[in-house]
Amino acid sequence: MRTEPLLSRHAAWLLVTLAYLYVFPYFERINNPNENVRIWAARAIVEHHVLNIDAPSREWGYVNDKATTGAHLYSSKAPGTTFLGVPVLFAETYLHRLTGLAPPTKRQVTLWLRVFSVEIPMSLFFFFFARYVERVTRSPVARDLLVVAVGLGTLLYAYGVLFVGHAQAAALAFGGYMLMSGAFSGERDDWSSSDELAVERDATTLQLGWAGCLVALSVIFEYQALLVAAALAVYAVARYRRRALYFFAGVGPPALLLGLYHTVLFGRPWRFPYGYLENPEFLHQHHSAGFHGLALPKLAAIGSSLFAPDYGLFVFSPILALGAVCATIVIMRGARREGILILSVAVVMLLFLGGMTNWRAGWCVGPRYIATVAPFLAAGIAHAWRVVRARYALTVVAAGLLIVSVVLNTVSAAVYPHYPPEFNNPVFDLAFPLLGAGFVPYSLGLLHLPGIWSLAPLALIVLLALSLSVGGEDQRPARWATHAVIAVAIAAICLVPLSRYGRAPSPAEARAAAFVRSTWEPPPRR
């Protein structure tokens, strides 16, 4: 068995964690409803011991995305993120009172909730994701590449630094799959140079039960994760037959809790808050058609969700497009069941998004409603790693697409993870111009470094993370450098044309940019 130094084994995970903890893009005046309505709900529980957000709405002001029933206002979001934030907010409030400090401000509350309810749990997920990849691939390079890819090269970064449920739902759903996959059964495999597939193990009874629990919990964080849960349930039955009952036993408690929550608020376990939206315009435009706004999928919406420069999943994260290709290869040459599951999760979520009236989802980075697909598509690369004959081609293309994905998503997450839909190329038409004009968001760097220099440590973290995998598996200096140069060339081929797309600003873009600048925090130094 080959022993890897502890620091080397965990370096990629540590760097990704640092990148999450480093940034704090906070803009109080935009009043982001996706995040704030959850904060209001957590405050209602901690400060007023109720589920309705009537009091926080009076104290902290209006917020959108509310549901109304029985003359009370509630969060219209899945409750998981709110409930996870309750002990965090309770601890923060208690410490302020214990030390004689004033009650925490909105910004202080948001910081604590993001760090302890989202960023640290996501770090825990990335740790186990790294262990999963190294067991599937037996390759430290694959492990580092995919941890950096999922952590910094997908929309999980943008939504993993906000108090919202998209990243957590993805982590829980894929965490359930990791337990079911059998990768954590038995002893850890050694990393051999053989091209044979790792021995497929079955999950233990306990692992199947916890897998069901994690998958069900993902629905409590994002309702649309129910579709991924259904795909995973089919996988459990297909693979484990009668033993899948343990999976469904794990599903039971979270499902009962969610049903109880809906019953308390809306009278029936199956009633969702989308049928009780307080904003009549939003209710009419986005949730009156079909089933709570769901109808037949629209091809144009699916195409834009994948390939539009302002929004497309494969534009912001081309590494995931490679994952879809690799999953197809796996079906033909490797673990067929795993490849089918990966593509099924992607397809069912795309069909769901394509059928939504509000598929564009307002101000966002990428198609946030299907963020759950990110770790699954990345797993396609992991499963293909040991069955692809042209391994060098796979590693160099993956490294090149990794650079593109990390650049686009790191800039988006760190600078402004709320792109207005008016921009047709938001990274190059909004984020980079903001930085060039001195508009720098909150981060740990602002404690000691001025302006744009405050993001220099983040850039160093990202460069170190990329350096772990862009050189490929052959660590001889000349081979490493050649691999890295080709990867950078592939990245340039992707990024240069994208940087030139849609550069003529429209009046709508100019107005949106002016609004962003007028609501910026902290104010730029002149």
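Helix α8 contributes the most to the lining of the second largest pocket, with six residues. This pocket belongs to a predicted model, and about 500 Å³ of space lies in it. Its lining comprises 19 residues, of which Pro121, Leu124, Ala171, Leu172 and Leu214 are the closest to the pocket centre. Two or more lining residues come from each of α4 (80–98), α5 (106–137), α8 (166–181) and α9 (205–221). In terms of residue class, 16 of the lining residues are nonpolar and three are polar, while charged residues are absent.

Rolling a probe the size of a water molecule over the atoms shows where empty space is left. Three cavities of 30 Å³ or more are present in the structure, and the largest cavity holds about 50 Å³ of space. The residues lining the largest cavity are Ala41, Ile45, Leu51, Tyr74, Pro79, Thr82, Phe83, Tyr261 and Leu265. Helices α2, α4 and α11 are the elements that each supply two or more residues to this lining. Eight residues of the largest cavity's lining are nonpolar and one is polar, with no charged residue among them.

Along the principal axes, the C-alpha atoms fill a box of roughly 65 × 65 × 55 Å. Buried residues make up 59% of the 526 residues of the chain.

Aromatic contacts were then considered. A pair of aromatic rings is described by the distance of the centres and the angle of the planes. The count of aromatic pairs comes to 35. One of these is formed by Phe24 and Tyr442, a tilted pair with 6.1 Å from centre to centre and 40° between the planes. Phe24 belongs to strand β1 (residues 23–24) and Tyr442 to strand β4 (residues 442–443), so the pair ties together parts that are 418 residues apart in sequence. Both Phe24 and Tyr442 are buried. A further pair, Tyr311 with Trp359, is edge-to-face, with a centre-to-centre distance of 5.8 Å and an angle of 70° between the planes. This pair links distant parts of the chain that are 48 residues apart: Tyr311 is in the loop between α13 (299–307) and α14 (313–316), and Trp359 is in the loop between α16 (336–354) and α17 (373–384). Tyr311 and Trp359 are likewise buried.

Ring pairs also join into a cluster that contains Tyr20, Phe125, Phe126, Phe129, Tyr132, Tyr157, Phe174, Tyr177, Tyr235 and Phe376.

Arginine side chains are placed over aromatic rings at two sites described here. Arg43 lies over the face of Trp60, at a distance of 4.3 Å from the ring centre. For Arg131, the charged end sits over the ring of Phe127, 4.9 Å from the centre of that ring.

Backbone geometry shows several features of note. The peptide bond that joins Glu521 and Pro522 is cis, with omega about -10°. Pro522 is placed in the segment after α22 (507–518). With a relative accessible area of 23%, Asn31 is partly exposed. Arg241 is exposed, having a relative accessible area of 62%.

Notes: Residues are numbered from 1 along each chain as its sequence is written. This is a predicted model: local features need pLDDT of at least 70, side-chain atom pairs count only at pLDDT 80 or more; totals for chains, interfaces and linings use all residues. Side-chain values use heavy atoms; hydrogens and water are left out. On a 1 Å grid over the protein atoms alone, a cavity is a set of points where a 1.4 Å probe fits but cannot get out, and a pocket is an open set with protein on both sides within 12 Å along at least five of seven lines; lining residues have an atom within 4 Å of a point. Grid points are joined across faces, edges and corners, and a volume is the space filled by probe spheres set on the points. Helices (H or I, at least four residues) and strands (E, at least two) are DSSP runs, numbered from the N terminus. Ala, Val, Leu, Ile, Met, Phe, Trp, Tyr, Cys and Pro count as nonpolar, Asp, Glu, Lys and Arg as charged, and the others, Gly among them, as polar. Rings of Phe, Tyr and Trp (its six-membered ring) pair if their centres lie within 6.5 Å; planes under 30 degrees apart count as stacked, over 60 as edge-to-face and the rest as tilted. Buried means under 20% relative accessible area, exposed over 50%, partly exposed in between (1.4 Å probe, protein chains only). A charge sits over a ring if NZ of Lys or CZ of Arg is within 6 Å of the ring centre and within 35 degrees of the ring normal.
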